[in-house]
Amino acid sequence: MRFWKSWIVATKDLSLFKRNRYILYSLIAMPVLVGIVLPSVYLFFLPADVPSATVTLLVNLSTTYFVIIAVVLPTIMASYSFVGEKVEKSLEPLLATPTTDGELLFGKSLAAFLPCMGATYIGAAIFVALVDYWSFSRLGVFLLPNAEWAVINGLMAPLACILSVESNIIISSKVNDIRAAQQLGVFAVLPIILVMILASTVQSIPLLTLSLIVAASLAVADIALFYLSKATFRREEILTKWR
Amino acid sequence: MIETENLTRKFGDLTAVENVTLKVDEGEVFGFLGPNAAGKTTTVRMLCCLISKTSGKARIGDFEVDREEDCLAIRKMVGLLPENVGLYDTLSAYRNLDFYGRLYEVPTQRRQENIERLLKLLGIWDRREDAVGTFSKGTKQKLAIARALIHDPQVLFLDEPTANLDPEASKTVRDFILELKKEKRTIFMNTHNLDEAGRICDRIGILKTRLIAVDSPENLERGTFKRKTVVHLESVSDAVLAAVKKLSMVKSVHTSENKLILDMDDPEKDNPELVRAIVKAGGGVQYVTELRSSLEDVYLKLIREAEAQ
């Protein structure tokens, strides 16, 4: 696989997204909102005498919300990838270029992954800044970033995002309508979200260990899904079933 | 350059293309005529390695269509103008071409030169930074042709290049194809436009799932219907008619107002004797012309025959 070819496809898609304000606003709204709202809960609703261990636990659990954001955002971006080409009727000339299925899929995945993770990290950065502002003024310490935060944001979020991107790209190559792609995309990411929520409720395993286990599982699932998407990508089906 | 042998494609029970055997030489402009759903686009898609064949063989240059290891090489050497232009409306004309140039692995310097040359040739250079969405249909079509040429392909597939264009835009596109013909590129063109096919193509194939006929436009016009000799007279007298009927080379004769319409095997050889006989019988010959069938007549006859089978 020639990664530079995938990068050409990705930069083109990123240019298209950049010109679509609706996508840009949808992409940025959720992480920014969560980044502001979550710490505000600590700032205004936690009692003054709350133990610092409880605060740390709450902050760490809240960090997992950014994994969920990283899973949800690709339903906006990745679901558009192939359906967008179908709607613009640009798929035939694109498929006629000397580009392999893997290069196309990887390029499309990159184009969805980068802005989704970028937006997630913007939200996460706002979250860290507000939590630290509050924790330093109340407890005299900076709570974030810590090891759990680093694993959750540095490993789990991108790996979960890749899984969501791949699921949505498979759906996007199979359906002919953007709304259908987005609705099916939401269904596809529900199990991932469910796993994240369940994982955050497990008390018996330390959060750091649990995060590493989930991250490893996600990495395996990502690789498996990439090969599945390559195996199920049918240029012919995409062209002949699209009207 | 393009060769197919019994090329067939089925979609379930439906046969879209059946046993198409043809050969297109290097530098030739080949026109594919046929009604809607005749299998023209399916054939082009098979030849561009976009869809697989059900059976038969096809080659582009030295490469076998449908063989996975050859498909990338085929895609690299062919340019495709699909039925729908499929440009990115929010990107500029330059960015559209640059994107495809990069995918076709055209080196930066040559890519920039090609974009400039093609956009100038098509008269869009001044609008190179405008979003394609602001272009007219004709300008988009021209840009899509430029896209198909960005990597200097040896073979160009054009699927309905002037469909839905106004006469002026059609002419621009047609003139451009004629320019490409001068560059000796192999062009395979699907079209409904018989007049256009007759003017541009060296040879024409008429397709209705099966290939019904392949020949030059002139030969198709001559071969399908017999040519007739038309003699315009001052008036058609009984003596002239009798004299003409006596001639052995005249197979049949009809009159229409002051014209004699004659069927003959070899008009070039027999017309002088025919004229001499008419003059000798007292006929006043005004002029002698040839009655030829048009490509449209040929096309309709062949398609109706194919449908009747």
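1. A residue is called buried if 20 or more other C-beta atoms lie within 10 Å of its own, exposed if 12 or fewer do, and partly exposed in between, with the C-beta atoms placed from the backbone. By that count B:Lys184 is exposed, because it has 11 C-beta neighbours inside 10 Å. B:Lys184 has a positive phi of about 65°, although it is not a glycine. The residue sits in the loop between α6 (167–182) and β8 (186–191) of chain B. Helices (H or I, at least four residues) and strands (E, at least two) are DSSP runs, numbered from the N terminus.

2. The model is predicted: local features need pLDDT of at least 70, side-chain atom pairs count only at pLDDT 80 or more, and totals for chains, interfaces and linings use all residues. Residues are numbered from 1 along each chain as its sequence is written, while chains are lettered from A and ligands numbered from 1 in the order in which they are written.

3. Another residue to check is B:Thr209, which is not a glycine but has a positive phi of about 65°. Is B:Thr209 buried or exposed? B:Thr209 is buried, as 20 other C-beta atoms lie within 10 Å. Its place is the loop between β9 (203–208) and β10 (210–215) of chain B.

4. In chain A, the peptide bond from A:Leu144 to A:Pro145 is cis, with omega near -5°. A:Pro145 lies in the loop between α8 (101–139) and α9 (147–174) of chain A.

5. Chain B as a whole has 11 helices and 14 strands. Its radius of gyration (taken over C-alpha atoms) is 25 Å, well over the 19 Å that the globule rule (2.2 Å times the number of residues to the power 0.38) gives for 309 residues, so chain B is more spread out than a compact globule. The C-alpha trace of chain B spans about 80 × 45 × 30 Å along its principal axes. Of the 309 residues of chain B, 39% count as buried.

6. Two residues are in contact if their C-beta atoms, placed from the backbone, lie within 7 Å. Between the chains, 21 residues of chain A are in contact with 26 residues of chain B. On the side of chain A that touches chain B, the largest share, five residues, comes from α1(A). The residues of that side divide into eight nonpolar, five polar and eight charged. Here Ala, Val, Leu, Ile, Met, Phe, Trp, Tyr, Cys and Pro count as nonpolar, Asp, Glu, Lys and Arg as charged, and the others, Gly among them, as polar.

7. Helix α1 (residues 3–18) of chain A and helix α3 (residues 93–103) of chain B have axes that come within 9 Å and cross at roughly 165°. Therefore α1(A) is roughly antiparallel to α3(B) (an angle over 145 degrees, between N-to-C directions). A:Lys5, A:Ile8, A:Lys12 and A:Ser15 in α1(A) meet B:Arg95, B:Phe99, B:Arg102 and B:Leu103 in α3(B). The residues of this contact are three nonpolar, one polar and four charged.

8. Within chain A, the axes of helix α4 (residues 65–72) and helix α10 (residues 178–201) come within 10 Å and cross at roughly 175°. That makes α4(A) roughly antiparallel to α10(A). A:Val67, A:Ile68, A:Val71 and A:Val72 of α4(A) make the contact with A:Val189, A:Ile192, A:Ile193 and A:Met196 of α10(A). By class, this contact has eight nonpolar, no polar and no charged residues.

Notes:
Axes fitted to C-alpha atoms, helices over the stretch in contact; angles between N-to-C directions. Parallel < 35°, antiparallel > 145°, perpendicular 65-115°, else oblique.
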